[in-house]
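Me: Got a model open here and I'd like to talk through how it packs. Can you take a look with me?

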Amino acid sequence: MKTPAQRDAAWLLGLLALHGLGMPPDAPQAQHWFERAQALSHSLAPAGLAWCALQGCGTGQPNPVLARPWLEPLRRADPGRAQFLEWLVEQQLAPLGALGAPPGPAPVVVPHAAGPAHALSAATDARTLLREM
């Protein structure tokens, strides 16, 4: 018989094992408890299982493709968490640089012909500008 206490206990034990709270971190153990929480129908268990797929808890090898099936049931229980995990999946699957450059100031490009003294001066100027922003 499933009880709310059993569902919550399995979920919490998964979190404790994953984050090493009260015990050393143990990703395979976290995977086990998240699977148990899923079997007991805990609404957030898909989040733990998706995270474990992204981190490779059970196998030691991250596999973002295995996280995808957990996103739909999670979307019904916690849309924001599902959206975040979906973003992580896409980040891991995207080819390097395909998602664009990170936000922020453009890098300082100094022509080689200007020489190292000019490069040092340009870098100092850039640091000064960033401090003033």
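Me: Which helix is Leu74 in?
Reply: Leu74 sits in helix α4, where helices are DSSP runs of H or I with at least four residues, numbered from the N terminus. Bear in mind this is a predicted model, with local features needing pLDDT of at least 70 and side-chain atom pairs counting only at pLDDT 80 or more, while totals for chains, interfaces and linings use all residues. Residues are numbered from 1 along each chain as its sequence is written, and side-chain values use heavy atoms, with hydrogens and water left out.

Me: Is Leu74 buried or exposed?
Reply: Leu74 counts as buried because its relative accessibility is 0%; the cut-off for buried is under 20% relative accessible area, with exposed over 50% and partly exposed in between (1.4 Å probe, protein chains only).

Me: What is Leu74 in contact with, past its neighbours within four places in sequence?
Reply: Ser43, Leu44, Pro46, Ala47, Pro79, Arg81, Ala82 and Leu85. Contact here means heavy atoms within 4.5 Å. As for Ala47, its C-alpha is 6.3 Å from that of Leu74, though they are 27 residues apart in sequence.

Me: OK, helices. How do α3 and α4 cross?
Reply: Their axes come within 8 Å and cross at roughly 165°. Axes are lines fitted to C-alpha atoms, for helices over the stretch in contact, and angles run from 0 to 180 degrees between N-to-C directions. So α3 is roughly antiparallel to α4, a label for angles over 145 degrees, with under 35 being roughly parallel, 65 to 115 roughly perpendicular and the rest oblique.

Me: And which residues make that contact of α3 and α4?
Reply: From α3 you have Pro46, Ala47, Leu49, Ala50, Ala53 and Leu54, and from α4 Pro64, Leu66, Ala67, Trp70, Leu71, Pro73 and Leu74. They divide into 13 nonpolar, no polar and no charged. Nonpolar covers Ala, Val, Leu, Ile, Met, Phe, Trp, Tyr, Cys and Pro; Asp, Glu, Lys and Arg are charged, and the others, Gly among them, polar.

Me: What about α3 and α5, what angle there?
Reply: About 15°, with the axes 11 Å apart, so α3 and α5 are roughly parallel to each other. The residues of that contact divide into eight nonpolar, two polar and one charged.

Conventions
Helix = DSSP H or I, 4+ residues; strand = E, 2+ residues; numbered from the N terminus.
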